[in-house]
Amino acid sequence: MRIVKTTDYKDMSRKAANIISAQIIAKPDCVLGLATGSTPIGTYEKLVKRYKKGDLDFSQVRTVNLDEYKGLTRDNDQSYYYFMHEHLFNHVNIPEESTNVPDGTASDGDSECVRYEALIRELGGQDLQLLGLGHNGHIGFNEPSDSFAKTTHCVDLQERTIEANKRFFASADEVPKQAYTMGIGTIMQAKKILIIASGEDKADIIRDAFFGPVTPRVPASILQFHPDVTLVADAAALSKIPE
Ligand code: GLP
């Protein structure tokens, strides 16, 4: 794993955007796996700026998002579909049909998971997968558990995740209790992985996930087995890693 230490959130966002830009320039029709949460917002902002300057072209890029809340419609401003349009898709020249987010309103959840997994395979898998990191080590919505989930599936969100995400909703009661997420296997098949983290509150989990044992109790720890991972994190998030 390569670790890129940045001074702060802004610097993390710039360096992460550099890596994504390089991927798009090297392979204009690449498949990008994308993430939501507060961490990637600055990265998306930088990508939009570069597109507006004429330095990036998204016309052939295809995207697959990691996850989506079950039950939220696309026009709900807390859905990840909405998030991606607000922060990236509406501001660059990516065709709507090239973007993919699990359908939170699918009537048959199992079929939706099978459809989404097959779609990623048909696209040839992610050339680059962007990831954030939950405080309990979740990636996408793969919560700590007894085993690593292979493919796209529906999960029950853990109390800590609901607590962490309630800041985006009117109250904790409004946070959906379930979500669709790519599996750990779906994430691990990406050719390259870029994981970003910022702030002191991520320092413990960065240490546990990347310098502790590989265990499904800390889902992100599996990334230690991936051959091409870059962690871009600020000094505060890296403050507890061993020398
Ligand atoms: C959510 C998302 C994850 C994200 C995590 C961390 O639960 N499903 O993909 O990585 O939150 O969020 P933040 O970046 O806001 O800390």
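Which residues of α3 are buried? They are Tyr80, Tyr81, Phe83, Met84, His85 and His87, and point 4 comes back to them.

1. Ground rules. This is a predicted model, where local features need pLDDT of at least 70, side-chain atom pairs count only at pLDDT 80 or more, and totals for chains, interfaces and linings use all residues. Residues are numbered from 1 along each chain as its sequence is written, and side-chain values use heavy atoms, with hydrogens and water left out. Helices (H or I, at least four residues) and strands (E, at least two) are DSSP runs numbered from the N terminus.

2. The seven-strand sheet. Seven strands make an open, parallel sheet, and the order to trace is β1-β10-β9-β6-β2-β3-β5. β1 (2–6) and β5 (99–100) sit at the edges with a single partner strand each, so one side of each has no neighbour in the sheet. Two strands count as paired if DSSP finds at least two bridges between them. By that rule β1 and β10 run parallel over five bridges, with lysine 5 partnered by alanine 233 in β10. Five bridges also join β9 (residues 192–197) to β10, again in parallel, and there isoleucine 195 has leucine 231 as its bridge partner. Further along, β2 (residues 31–34) and β6 (residues 128–131) pair in the parallel sense over two bridges, with glycine 33 opposite glutamine 129.

3. Take a look at β10. Six of the six residues of β10 (residues 229–234) are buried, so this strand is largely enclosed by the rest of the structure. Buried here means under 20% relative accessible area, exposed means over 50%, and partly exposed is in between (1.4 Å probe, protein chains only). In a regular strand the side chains alternate between the two faces of the sheet. In β10 both faces are covered: Val229, Leu231 and Ala233 are buried on one side, and Thr230, Val232 and Asp234 on the other.

4. Helices. Back to α3 (residues 80–87): six of its eight residues are buried. The cover over those buried residues includes β2, α2 (41–53), β3, β4 and α5, where contact means heavy atoms within 4.5 Å. Separately, α4 (residues 109–122) lies across β3 (62–65) and β5, running at about 145° to β3. For such angles, axes are lines fitted to C-alpha atoms (for helices over the stretch in contact), and the values run from 0 to 180 degrees between N-to-C directions.

5. The three-strand sheet. There is also an open antiparallel sheet in the order β4-β8-β7. β4 (67–69) and β7 (153–156) are its edge strands, each pairing on one side only. The twist averages 25° from one strand to the next. β7 and β8 (residues 178–181) run antiparallel and are joined by four bridges; histidine 153 has threonine 181 as its partner in β8.

6. Salt bridges. A salt bridge is a side-chain nitrogen of Lys or Arg within 4 Å of a carboxyl oxygen of Asp or Glu, and the count comes to 12. Arginine 14 pairs with aspartate 11, the closest N and O atoms being 3.0 Å apart. These two are three residues apart in helix α1, or about one helical turn. Arginine 14 is partly exposed at 39%, while aspartate 11 is buried at 10%. Aspartate 146 and arginine 217 also meet in a salt bridge (2.7 Å, N to O). That pair links distant parts of the chain, from the loop between β6 and β7 to the loop between α7 (203–211) and β10, 71 residues apart.

7. One network to check. Aspartate 204 and lysine 240 form a salt bridge (3.0 Å, N to O). Aspartate 204 is in α7 and lysine 240 in the segment after β10, so the pair ties together parts 36 residues apart in sequence. Asp204, Arg207, Asp208 and Lys240 are linked in a network of salt bridges.

8. Out on the surface. Isoleucine 25, in helix α1 (residues 9–26), counts as exposed at 59% relative accessibility. Leaving out residues up to four places away in sequence, isoleucine 25 touches Asp55 and Leu56. Aspartate 173, in the loop between α5 (159–165) and β8, is exposed at 70%.
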